[in-house]
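Trainee: I have a model open and want to learn how to read its features. Where do we start?

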Amino acid sequence: MAANKALVLGGGGIAGIAWMTGLLAGLADASQDVSDADLIIGTSAGAVVAAQLGSGLSLDDLYARQADPALQSPEIPISIDVEKFTAETARTMKEDSSAQDLLRATGAFAVPAETVPETARWDVIASRLPSHEWPRRTIRLVAVDCESGESAVFDAASGVRLVDAVAASCAVPGIWPSVLIGGRRYMDGGARAMDNADLAEGAARIIILSPFGLRMQLPGPTPLQDTVAKLRDGGADVTVIEPDEATRAAIGVNPLDPVTRQPAAEAGRAQGRHGLISAL
């Protein structure tokens, strides 16, 4: 049965988690709570938020875990300039390569990359989640098989532990270790698309929270604008929300910096209080 309302939560690092959490709390403040969607699709940072929404904690409690330094989970600081990372990634792509070829090449790079130990990263992901059990509601978390380049969509019926599924969806190639699940290695679902909004096809109402937004999409086979156009052509009512200028300033150039959590959460909540204003 198709979902009536789908919530799509995109990738965006630690800052993206904080912004989306704040935004959802702000929308609820404005009496426009969208966290009760029938289907939630999470990619990377969005996978964390999706799992948190199913934990049983209120939006206020989830917001406090981002905005209050005393409640924040431990993170591993790392430096990355997203614009530079995007440009370097784009230069490695060949015009005649298929999307599948590019994903396999990315996976071949991701698996042997020198990163923090997989167990250390797993502990970070586990600490982010108030509950390690799959929620009763329908959430789908997107990752990519490193060897085949095929998409993997984990849910409660997949037989995969929630923390493992979230860790796989958050495994940025070359930044964080790929994740071993069932004898295969998986990497960040953002390698397929930063938002993977196409997986919401069939829902009548689709709300997309996109931390990277429309201006700075990492290279991928389908730009978000094209995906939204296709969903609308199929009859869906689609709203896209990206960070406003205050949030962009709060995030800065390194969304993986734990210091961004409080300002990004606060900016997101302030933005959300203005209501569902679509970027498209």
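**Reading one residue, then the packing**

Mentor: At 32% relative accessibility, Arg184 counts as partly exposed. The model is predicted. The class follows from the cut-offs, because buried means under 20% and exposed means over 50%.

Trainee: In which strand does Arg184 lie?

Mentor: Arg184 belongs to strand β6.

Trainee: Which residues does Arg184 contact, leaving aside its neighbours within four places in sequence?

Mentor: Contact means heavy atoms within 4.5 Å. By that test, Arg184 touches Asp145, Glu147, Ser148 and Val179. Take Asp145: it sits 39 residues from Arg184 along the chain, yet their C-alpha atoms are separated by 7.2 Å.

Trainee: Now aromatics. How many aromatic pairs does a search of the whole structure find?

Mentor: The search returns one. Its partners are Phe154 and Tyr186, with ring centres 5.4 Å apart. Planes over 60 degrees apart count as edge-to-face. Here the planes are at 75°, so the pair is edge-to-face.

Trainee: Where in the chain are Phe154 and Tyr186?

Mentor: Phe154 is in strand β4 (residues 151–154), and Tyr186 is in strand β6 (residues 184–188). They are 32 residues apart, so the pair links distant parts of the chain.

Trainee: Is Phe154 buried or exposed? And Tyr186, buried or exposed?

Mentor: Phe154 has a relative accessible area of 6%, so it is buried. Tyr186 comes in at 11% and is buried as well.

Trainee: Next, helix packing. At what angle do α2 and α7 pack?

Mentor: Read the angle between N-to-C directions. Helix α2 (residues 45–53) and helix α7 (residues 162–169) pack at about 155°, with axes 7 Å apart. Angles over 145 degrees count as roughly antiparallel. That is why α2 and α7 are called roughly antiparallel. The crossing of α2 over α7 is right-handed.

Trainee: Which residues of α2 and α7 meet?

Mentor: Ala47, Val48 and Ala51 from α2 meet Leu162, Val166 and Ser169 from α7. By class, this contact of α2 with α7 has five nonpolar residues, one polar and no charged.

Trainee: At what angle do α1 and α2 pack?

Mentor: Helix α1 (residues 13–29) packs on α2 at about 40°, with the axes 8 Å apart. Roughly parallel needs an angle under 35 degrees. The label for α1 against α2 is therefore oblique. Their crossing is right-handed.

Trainee: Which residues make the contact of α1 and α2?

Mentor: From α1, Gly13, Gly16, Ile17, Met20, Thr21 and Leu24. From α2, Ala45, Gly46, Val48, Val49, Gln52 and Leu53. The residues of this contact divide into seven nonpolar, five polar and no charged. When you sort them yourself, remember that Gly counts as polar.

Trainee: At what angle do α6 and α7 cross?

Mentor: The axes of helix α6 (residues 118–128) and α7 cross at roughly 110° and come within 9 Å. The range 65 to 115 degrees counts as roughly perpendicular. So α6 is roughly perpendicular to α7. Its crossing with α7 is right-handed.

Trainee: Which residues make the contact of α6 and α7?

Mentor: Trp122, Ile125 and Ala126 of α6, with Val163, Asp164, Val166 and Ala167 of α7. By class, the contact of α6 with α7 has six nonpolar residues, no polar and one charged.

Methods: Residues are numbered from 1 along each chain as its sequence is written. This is a predicted model: local features need pLDDT of at least 70, side-chain atom pairs count only at pLDDT 80 or more; totals for chains, interfaces and linings use all residues. Side-chain values use heavy atoms; hydrogens and water are left out. Axes are lines fitted to C-alpha atoms, for helices over the stretch in contact, and angles run from 0 to 180 degrees between N-to-C directions. Helices (H or I, at least four residues) and strands (E, at least two) are DSSP runs, numbered from the N terminus. A crossing is left-handed if the near helix is turned anticlockwise from the far one by less than a right angle, and right-handed if clockwise. Rings of Phe, Tyr and Trp (its six-membered ring) pair if their centres lie within 6.5 Å; planes under 30 degrees apart count as stacked, over 60 as edge-to-face and the rest as tilted. Buried means under 20% relative accessible area, exposed over 50%, partly exposed in between (1.4 Å probe, protein chains only).
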